[in-house]
Amino acid sequence: MTERSLFGEITVEQFLAEYWQKKPLLVRGAFADFEFPVDADELAGLACEADVESRLITQSADGEQFKLSHGPLDESVFAELPEKDWTLLVQAVDHWVPQAAELMQHFSFAPNWRLDDLMISYAADGGGVGPHYDNYDVFLIQAAGKRRWDVGGLFGEESPRKPDIPVMILPDFQPEQSWELEPGDMLYLPPQVGHNGVAVGDGCMTYSVGFRAPSHAELFQSFSRKLADELLSEVRYGDKNLPLQDHSGEITGQALDQVKQLMQGYLDDPARLSQWFGEFMTEPKYPELAAGNEGDAVELAEIDGLYRTEGARLAWHKLADNSFTLFADGQRHSFTEAELPLVQAITEEYAFGPPENLSDSETALLQALIQQGALHCGEEYDDEEG
Ligand code: SIN
Ligand code: CO
């Protein structure tokens with residue numbers, strides 16, 4: 001008998017080849033025996049916290065009007081909610097709830113720097129955010145209650161949307177497939193696929209594991225900003241072999257080749273490209289909330305356990321000259337092949353036992369990561385976690 005993967009009877013390889021970024025996939029019972037870590041009361045509590053990103057969306061009875069409030073919400077809001085047609089959505093729950101790491105771990109089939117966050121929604125009967133599309137891959141996991149998902153069509157920035165309402169509603173949305181999800185079921189949707197999730201009955205909780213993909217505009221902007229910060233103003237376009245042109249008003253193909261070559265040169269530098277990309281893709285989701293651990297170095301020999309800080313982004317790269325870089329929340333740390341097993345563990349796991357037999361360089365690396373807040377020590381290492 002073949003072992004069930006996250007995708008049911010489909011192997012991870014099959015999922016990547018046939019579905020990932022291509023077409024929706026419904027997996028019944030993907031999280032059948034999973035204990036979902038956040039319930040409705042905890043979610044409402046999170047939505048009242050100042051640093052937590054949340055939204056409350058209420059629909060009119062005819063489904064035509066939508067009201068949107070951004071968190072932090074006042075506790076009194078919950079007492080005044082109607083019986084039907086509203087939903088509360090809390091972003092980046094994995095930044096606040098350590099137990100969410102166990103859920104996120106299931107998605108390690110993709111590079112961790114492609115993962116964005118865990119969003120959790122709670123909806124009363126009929127509640128939802130309306131027909132819309134997202135620019136990212138998403139796994140919609142039904143944690144409690146039931147939700148009907150209508151799915152169909154590909155949409156983009158140019159697609160018409162309903163005017164004068166605070167949420168994106170696609171008037172041209174036509175469902176092509178429809179499923180009712182029960183607790184433990186999971187629906188994968190590629191970017192730009194139109195979808196509408198409506199709670200069927202009360203107590204509908206959906207966990208959305210969202211991925212991230214920078215737009216080409218963001219990539220160019222970020223790379224060129226970093227490059228521009230580093231380059232001296234004397235480094236300029238040059239034309240030592242300037243040919244005599246027939247027409248002084250012409251921009252020749254030769255001039256354009258020269259520009260292309262000088263720009264290409266920066267992209268063809270693997271150290272430059274990887275340093276920028278590693279920093280860029282590990283930048284924290286909420287940089288303003290990132291906090292380091294000031295103070296004395298930790299006695300690593302005495303700690304019970306080490307944990308990835310919730311929301312920390314960690315990835316590494318090896319260059320052809322066998323030099324290695326670890327990227328942690330947008331910061332770079334060089335290391336050598338000897339530290340690679342440690343770095344692999346740090347970038348793949350969320351919780352570690354007490355570190356043992358550390359070399360001086362491993363100790364220095366861990367200390368730096370603890371100081372910048374990407375890792376932290378725990379009182380007690382819990383085998384169940386992570
Ligand atoms: C949800 O309502 O839980 C998911 C919203 C979405 O489709 O993005
Ligand atoms: Co969506």
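Modeller: Quick term first: helices (H or I, at least four residues) and strands (E, at least two) are DSSP runs, numbered from the N terminus. This is a predicted model, where local features need pLDDT of at least 70 and side-chain atom pairs count only at pLDDT 80 or more, while totals for chains, interfaces and linings use all residues. Residues are numbered from 1 along each chain as its sequence is written, and side-chain values use heavy atoms, with hydrogens and water left out.

The largest pocket holds about 1100 Å³ of space. A pocket here is an open set of points on a 1 Å grid over the protein atoms alone, where a 1.4 Å probe fits, with protein on both sides within 12 Å along at least five of seven lines; lining residues have an atom within 4 Å of a point. Volume is the space filled by probe spheres set on the points, which are joined across faces, edges and corners.

The lining has 44 residues, with Gln91, Asp116, Met119, Asp134 and Tyr136 closest to the centre. At least two residues each come from several elements, including strand E5 (115-123), strand E6 (138-154) and helix H7 (270-281). E9 gives the most, six residues. By class, 20 lining residues are nonpolar, 12 polar and 12 charged, counting Ala, Val, Leu, Ile, Met, Phe, Trp, Tyr, Cys and Pro as nonpolar, Asp, Glu, Lys and Arg as charged, and the others, Gly among them, as polar.

Back to Asp116: its side chain meets that of Arg313 in a salt bridge (3.2 Å, N to O), meaning a side-chain nitrogen of Lys or Arg within 4 Å of a carboxyl oxygen of Asp or Glu.

Terms used. Chains lettered and ligands numbered in written order.
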